[in-house]
Amino acid sequence: MGFWGKPGLIAGFVASVGGLITTVTNYVTDMFLTPPLSATLQHLEETQLKTMKGEIKTLKAKTLWENSGAVIMAEAAELSSLKPQLDMLGVPLYAVVKEDIGTEVQTFRQYFNGEVFLDEKRRFYGPRERKMGLLAFFRVGVWLNGLRAFKSGFMGNVFGEGFVLGGVFVIGKGRQGILLEHREIEFGDKVNTNDVIQAARRIP
């Protein structure tokens with residue numbers, strides 16, 4: 001039958017080649033990406049956020065977590081599935097977006113069951129803001145994550161700061177501090193949901 005007549009061997013060979021290509025392209029592009037800089041509670045708590053429904057109000061970010069702690073996602077709609085578990089823990093789930101262009105936020109609300117705030121100065125994307133830029137087109141993970149988002153019906157805009165990488169924060173009550181910080185390595189890079197729940201359980 002020969003090598004090419006064995007489907008299992010062919011699939012294994014293709015998977016090995018694909019894994020090698022992914023490893024090499026990630027290694028090369030990682031050298032050109034700006035490494036993340038961990039945020040501090042002081043940096044986040046003074047952020048001015050704007051509400052995005054009803055009467056527009058401005059508030060300091062620390063009001064979101066000072067009484068109960070909070071899970072705050074910057075561009076990570078997948079965490080919406082954790083809301084029932086977080087509700088049981090008494091920990092609210094919020095989303096922060098960096099801009100409001102076209103119908104992007106309205107589309108985002110279809111996948112997120114929580115309150116959305118606008119962070120115009122993009123402090124939740126810092127303190128060292130990172131952009132993936134054209135390097136995204138050379139990473140296999142970005143293409144796979146984009147395909148998954150497209151199949152789910154969620155697409156971002158192509159006019160604004162679409163290249164800025166986001167993240168997820170679990171912030172404790174009052175001065176408890178940042179219990180978990182996940183920064184996207186590439187577009188669609190997911191936080192471990194078990195880690196989010198474990199961090200939320202540390203909030204008194």
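Modeller: Contact means heavy atoms within 4.5 Å. This model is predicted: local features need pLDDT of at least 70, side-chain atom pairs pLDDT 80 or more, while totals for chains, interfaces and linings use all residues. Numbering starts from 1 along each chain, and side-chain values use heavy atoms, without hydrogens and water.

Biologist: Leaving aside neighbours within four places in sequence, what is Val170 in contact with?

Modeller: Its partners include Ala70, Val71, Gly177, Ile178, Leu179 and Leu180. Val196, Ala199, Ala200 and Ile203 are also in contact with Val170.

Biologist: Which residues touch the most other members of the largest nonpolar core?

Modeller: A nonpolar core joins buried Ala, Val, Leu, Ile, Met, Phe, Trp, Tyr and Cys through side-chain atoms within 4.5 Å. Buried means under 20% relative accessible area (1.4 Å probe, protein chains only). Here the core has 25 residues, and Val71, Met73, Leu79, Leu86, Val116 and Val170 touch the most other members. Helix α6 gives the largest share, 4 residues. A second, separate core has 18 residues, among them Trp65 and Phe117.

Biologist: In what order do the strands of the open sheet run?

Modeller: Strands (E, at least two residues) and helices (H or I, at least four) are DSSP runs, numbered from the N terminus. Pairing takes at least two DSSP bridges. The 7 strands follow β2-β1-β5-β4-β3-β6-β7, with mixed pairing. β2 (58-60) and β7 are the edges. β4 and β5 run parallel, joined by 4 bridges. Val96 stands opposite Phe117 in β5.

Biologist: Is Glu45 buried or exposed?

Modeller: Buried, at 8% relative accessible area. Glu45 sits in helix α2 (residues 41-45). Its contacts include Lys60, Trp65 and Arg175.

Technical notes
Buried < 20%, exposed > 50% of the residue type's maximum accessible area, 1.4 Å probe, protein only.
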